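Here are some notes to read with the model open beside you.

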Amino acid sequence: MKKLNIALAVGATLLAGCGTLNSQTSAVSPMDVKIATYNLSFDRATFQELVAEMQIPPAQQTKLVTGYLANALSPADRKAAEKVIQIRNVAAIIQKNRPDVLMMAEFNNDGTGKNKSALIGFQNNYLSVGQSLQGAGGEASLSPIEYPFFESYSTNTGLVSELDLDNNGVAGQLPGDAWGFGFYHGQYAFALMSKYPIDTDNTRTFQQFKWKDLPGASIPKITKCHDPYNKIPQGMACGDDWYSAKEWPQIRLSSKNHVDAPIIVPTANGDQVIHLLMSHPTPPVFDTGKNQMQNAAEVEFWHHYIQDADFFYDDAGKQGGLDKGQHFVIMGDLNLDPVAGDGLSNVMQALHSDPLLNQNVMNGSLYPTSEGAIEHIDSTGKSHPQPDRVTSTFGLGVDYAMPSATLNVVDSGVYWVTSQQEGYSLFNDQRVGKYGNGKDVSSDHRMIWIKASLD
């Protein structure tokens, strides 16, 4: 498969603001479409760091990895090699599973999503190069994969407000006074790669949608009053409103963004459109209660949206939710388990049980599971009411690809192999990093997917 010249591809993309490497598609019918969510854990201290890592040519990557395994690198090169190993392992997981459409959480950008150089580098230097199922230093055993269509989306993370949102007495400081927690604009952003055209003209974003405009919303209060790691700010008390009456009307709901991106799947019977409803809500922890309420509200957003609620307004000013009868998949690391964890699980349970979603997937035999999750829960001493549904190393099921009832789902899964299965080194490798697992090796999340049959 041809690799694009990196410099030309980056330049052309930046000039055009376009997310297309190749505009040619062909119709196949009947056909299965595999749609996946994966939190890649590509968080970096700066966006420029991620761009630089993605531009490392494959030959230089191999040299770094070889030197790393031989313990023959300088500290700086060793750090670079560890990042290369992580990216390669993530690429291997993608090549092994071969989703047709992939929502990628924690793929940092420039804040606006216009600079796609990191995405192009990921495609050219990692996904377009065969990776190893054996992990670091293994022989290439997987086939390259190409995603001709891609998009990166603007984010509230690291977008500083002029308010004192963390109540530390100083306004306009990162990361706590950003509309979404982040040390720079673009941290923790998300992106999309697809084998099918992304209808950018009809993509809707809700970055500026106000929390107050969600039905039932009220100013979150301090409810976690005795957490030694997250103390109540000076001058405040248990039960106080977190935001002032002046701040509340300005508060954005999305910690990153809420995006409705339609993809166009050509079939012999005509084009079919699937709306990808993507978000990455804030974790319901790390504070005195505000995050728990915001996480729930960010999930509730989609529950209202699929019912075509008329109160919605997107960043372009268009009113209303998703038209009824449309294909959709709610996607992302939603940071909310329906039966465990610190979040408001009833909110996720209600979404799972909505008849607008495919109940065979949400509450039936096609709920995505893995054997690796069971082994992980057992080996780490964690507990979970449904261990086969866990999607993270911290022991919760928080990653989703939730299809509409209109989609004929024929298969689903979570890619998490056991220690006795091939590919285990992509998750656990004691040679790599400080801990030999999680983000050191690939990610602390697992890819979750559904496969829909389109006529």
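1. Start at His 258, which stands opposite Ser 279 in E7. These residues belong to a pairing of E6 with strand E7 (residues 270–279), antiparallel and made of 10 bridges. Strands pair here if DSSP finds at least two bridges between them. Helices (H or I, at least four residues) and strands (E, at least two) are DSSP runs, numbered from the N terminus.

2. A word on what you are looking at: this is a predicted model, where local features need pLDDT of at least 70 and side-chain atom pairs count only at pLDDT 80 or more, while totals for chains, interfaces and linings use all residues. Residues are numbered from 1 along each chain as its sequence is written, and side-chain values use heavy atoms, with hydrogens and water left out.

3. Back to the strands: E5-E6-E7-E8-E9 is the order in an open sheet of 5 strands with mixed pairing. At its edges are E5 and strand E9 (399–403), each of which pairs on one side only.

4. Now try strand E1 (residues 31–42). Is this strand buried or exposed? Of its 12 residues, 11 are buried, so the rest of the structure largely encloses E1. Buried means under 20% relative accessible area, exposed over 50%, and partly exposed in between (1.4 Å probe, protein chains only).

5. Which strands does E1 pair with? One is strand E11 (residues 448–454), antiparallel to E1 over 7 bridges; there, Thr 37 has Ile 448 as its bridge partner. Another is strand E2 (residues 101–107), which runs parallel to E1 and is joined to it by 6 bridges. In that strand, Leu 102 is the residue opposite Ala 36.

6. Aromatic rings are worth a look too, with 22 aromatic pairs found across the whole structure. Phe 181 and Phe 183 make an edge-to-face pair, because their planes are at 85°, with the ring centres 5.7 Å apart. Rings of Phe, Tyr and Trp (its six-membered ring) pair if their centres lie within 6.5 Å; planes under 30 degrees apart count as stacked, over 60 as edge-to-face and the rest as tilted. Phe 181 is partly exposed, at 48% relative accessibility.

7. Phe 209 and Phe 312 form a tilted pair, 5.7 Å centre to centre with 35° between the planes. The two are 103 residues apart: Phe 209 is in the loop between strand E5 (204–205) and strand E6 (258–267), and Phe 312 in the loop between helix H6 (290–305) and strand E8 (327–333). Phe 209 is buried at 0% relative accessible area, and Phe 312 is buried at 0% as well. Both belong to one aromatic cluster, whose members include Phe 206, Trp 302 and Tyr 313.

8. Two arginines sit over rings. The charged end of Arg 78 is 4.0 Å from the ring centre of Tyr 68, and Arg 389 lies over the face of Tyr 367 at 3.7 Å from the ring centre. The test is NZ of Lys or CZ of Arg within 6 Å of the ring centre and within 35 degrees of the ring normal.

9. Finally, the whole chain. The protein chain has 9 helices and 11 strands, and 55% of its 455 residues count as buried. The C-alpha trace spans about 60 × 55 × 50 Å along its principal axes. Among contacts (heavy atoms within 4.5 Å) between residues at least 6 apart in sequence, 74% join residues at least 24 apart.
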